[in-house]
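Me: Can you help me look at how aromatic rings sit together in a protein model? I'm new to this, so please go slowly.

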Amino acid sequence: MYFDSFAELWQMGVHGPFVWSAFGICVALILLNVGVAVYQGRRVRRDLKRIIRRQIMQEKQ
Amino acid sequence: MQESRAVHRSQTTGSAKLPGHFYLISLVALLAAVLTWFIWSAPVRPRTVWLGGGWVFGVAFYFGALRYPDLYWRTLERWYHELGSPRYFYRFSGLWLPWLVGIAVVLCLTGLIWGLAFAPPHHEQGNSYRIIYLHVPASSAALMGYMAMGVAGLVALVWRLKMAEIMIKAIAPFGAVMAAISLISGAIWGRPTWGTYWIWDARLTSMLILLFLYLGVIALQNAIRDPRQAGRAASLLSVVGVINVVIVRYSVDWWQSLHQGSSMSMFGTAGSAIHPSMLAPLLLSMFGIYFLYAVTVLIRARTEILWRERKSNWVREEVS
């Protein structure tokens, strides 16, 4: 590691607040976006499962 | 009468039809010209390698297409039809997705951790430059994403391919996030280096317009109820907006800008103004973000396919 300790890595000279806030905000945005995509996929699958099950029930009746 | 009309028609189509390899050689020559123009600014040795390699590949492709036309055309046609079919795309992307996720996670983590903790600091900017490991990958992903959306838009407008419209819908959300990240990280980086968060500069403003274009594409798709009509409107905006990608890319060359010019080059360390110890983690995180982009595009496209094809039998079998 370039820094001697994790405290120094956190401080980054005087630039810690800039670097870590940028990384924090942006990584959170990325994770949120990926999470939303996965959640939407699961929701659509769940909804489709329900719709299709209902259709099959109706077909049987 | 009918017979003569049929003869006439066959004659006109016969005379209008050019041999297949005419189109092929035109396409290859056009690509070669564009690439030559693009590569010309590179240093001499990588330029020779790229141009020489490109021409050898082009000539081999051309003679290959002349020698085995059926094989070439049939393969192209098969790709077009298979990737254009939602069902095939769903199956195919399902196979690729786990691998892409693995590669994306490994590349992103390695690149970011290396850049944050192991790369040396900048001699003028100190440690604030480490924002580059987020800023540059996000910006380039936003630009590349829009280019991909433009190509998909063109395909959707010309061939009315349903898959292309689905791809636009899948590409836009992550692209918007990438443009936003580029702007946010750039603003935070600008404070210690330029002394300001924001300035109405050509590069920054055109990047903001890119974000609005992405948001516009998303909004259009949500505003129109009929998916095919929404797809057409979104494809049109995608194609028209590509001009802004060119403006973003060359804004630092065309106008006086606070933003620095590009210091990376496709031709390795010879063309780049970045030391290899800083370039290596940057390239890793760039490819990591590209793979992550591909992952989100596939996930969104799969969701959209399932929903649009919900009445077909294969979706029924797939879901239940």
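Reply: Let us start with a term: helices here are DSSP runs of H or I with at least four residues, numbered from the N terminus. Please keep in mind that this is a predicted model.

Me: ok, so where in chain B are Tyr88 and Phe92?
Reply: Both B:Tyr88 and B:Phe92 belong to helix α5 (residues 86–118) of chain B, and because they are four residues apart there, about one helical turn separates them.

Me: and why is that pair called stacked?
Reply: Planes under 30 degrees apart count as stacked, and the rings of B:Tyr88 and B:Phe92 have planes at 20° with centres 5.8 Å apart, so the pair is stacked.

Me: is Tyr88 buried or partly exposed?
Reply: B:Tyr88 has 23% relative accessibility and so counts as partly exposed, and B:Phe92, at 30%, is also partly exposed.

Me: how many aromatic pairs are there over all chains?
Reply: The search of the whole structure finds 12 aromatic pairs. One of them joins B:Phe61 and B:Tyr72 edge-to-face, at 5.1 Å centre to centre with 65° between the planes. This pair links distant parts of the chain, since B:Phe61 is in helix α3 (residues 44–67) and B:Tyr72 is in helix α4 (residues 69–83), 11 residues apart.

Me: which residues form a cluster with Phe61?
Reply: B:Phe57 and B:Tyr72 form one aromatic cluster together with B:Phe61.

Me: switching topic, which charged residue lies over the face of Trp307?
Reply: That residue is B:Arg310, at 4.3 Å from the ring centre of B:Trp307, while the charged end of B:Arg249 sits over the ring of B:Tyr250, 4.9 Å from its centre.

Notes: Residues are numbered from 1 along each chain as its sequence is written. Chains are lettered from A and ligands numbered from 1 in the order in which they are written. This is a predicted model: local features need pLDDT of at least 70, side-chain atom pairs count only at pLDDT 80 or more; totals for chains, interfaces and linings use all residues. Side-chain values use heavy atoms; hydrogens and water are left out. Rings of Phe, Tyr and Trp (its six-membered ring) pair if their centres lie within 6.5 Å; planes under 30 degrees apart count as stacked, over 60 as edge-to-face and the rest as tilted. Helices (H or I, at least four residues) and strands (E, at least two) are DSSP runs, numbered from the N terminus. Buried means under 20% relative accessible area, exposed over 50%, partly exposed in between (1.4 Å probe, protein chains only). A charge sits over a ring if NZ of Lys or CZ of Arg is within 6 Å of the ring centre and within 35 degrees of the ring normal.
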